[in-house]
Amino acid sequence: PMGKEEEQFSTNQYLYFKDEDTIAIVFNEDMYDQFFDDTKKSVIEHSSLNKQYNYDQKITLYDGLDLFIQEEQLGPDDPWYCNRCKDLKRAYKKFDLWRLPRILVVHLKRFSYQHRYYHHVREKIDTLVTFPFEDLDLSDYVRGPAKESPKYELYAVSNHFGNLGGGHYNAFCKHRITKKWYRFDDSTVAEIPQDQVLSTAAYLLFYRRKDSFVEGEDNVSIPTNPSSGNNETKPSEKSMDGDSSLNDML
């Protein structure tokens, strides 16, 4: 099998493979007798056959930060013009964090665009990225004379479900006072356990610097569950704009 996609190719086209794709060549008995004799029946195994793939690999948010600040050379199609030598060069670039914001928004790459078979292929990336809830520590990534605390706490996650052809968004938000997590899905709000926040659908991560404070931020009401005992409710006009609104909870 040649991967997940099945397409017809002409002889003048290139065939591109990903790491998990394989090529299998099957010879029936007649073909084998025609092209091989008994002295050539020994098989030489390529080293790639012994390679072990970890399809359940997990990536941490720190892994992404390490790659974000890693030095990289510009590609052949993205040269930089050097004023000193008056020529285009494949320069090196590097990102560093100089100051830490009060609110940190981390955008996880969930969509891939690759050039295959003379056209672009879009794919959804469902790799699980683990991220800290209470103590995201950026002290190893700051290069400026930062006076702010380098530690952050997670307070919201935006999720994407589906694929590039169609999907759905919802959000998980942590209440400032109760520290409980809630799912906001269209007009429905429901309390959820914290372990549900970590998923392959996480798309945007919202962190608050732990030394930050906004005047009046703690002057909010604690939401209560419906009297029926059901944690899930469709908020009325009062619940969406009143004491238990999303803005108050954050």
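Colleague: How many aromatic pairs does the structure hold?

Modeller: It holds 6 aromatic pairs, where rings of Phe, Tyr and Trp (its six-membered ring) pair if their centres lie within 6.5 Å. Bear in mind that this is a predicted model, where local features need pLDDT of at least 70, side-chain atom pairs count only at pLDDT 80 or more, and totals for chains, interfaces and linings use all residues. Residues are numbered from 1 along each chain as its sequence is written, and side-chain values use heavy atoms, with hydrogens and water left out.

Colleague: Why is the pair of Phe68 and Phe95 called stacked?

Modeller: Planes under 30 degrees apart count as stacked, over 60 as edge-to-face and the rest as tilted. The Phe68 and Phe95 planes sit at 15° with the ring centres 5.3 Å apart, so the pair is stacked.

Colleague: Which parts of the chain does that pair link?

Modeller: Distant ones: Phe68 belongs to helix α2 (residues 61-68), while Phe95 is in the loop between β5 (92-93) and β6 (103-107), 27 residues apart. Helices (H or I, at least four residues) and strands (E, at least two) are DSSP runs, numbered from the N terminus.

Colleague: What makes Phe68 partly exposed?

Modeller: Buried means under 20% relative accessible area, exposed over 50%, partly exposed in between (1.4 Å probe, protein chains only). Phe68 has 45%, so partly exposed is the label. Phe95 gets that label too, because its relative accessible area is 42%.

Colleague: And what makes the pair of Phe131 and Phe133 tilted?

Modeller: The planes of Phe131 and Phe133 are at 40°, with centres 5.7 Å apart, so this pair is tilted.

Colleague: Are Phe131 and Phe133 buried or exposed?

Modeller: Phe131 and Phe133 are both buried.

Colleague: Why is Leu67 called exposed?

Modeller: Leu67 has a relative accessible area of 58%, so it goes down as exposed. Leu67 is also in helix α2, and its C-alpha atom is separated by 9.8 Å from that of Phe95, 28 residues apart along the chain.

Colleague: Which residues do ring pairs link into a cluster?

Modeller: Phe111, Tyr169 and Tyr203.

Colleague: Which residue lies over the face of Tyr155?

Modeller: That's Arg208, at 4.8 Å from the ring centre. For a charge to sit over a ring, NZ of Lys or CZ of Arg must be within 6 Å of the ring centre and within 35 degrees of the ring normal.

Colleague: How many helices and strands does the chain have?

Modeller: There are 4 helices and 16 strands, and 27% of the 250 residues count as buried.
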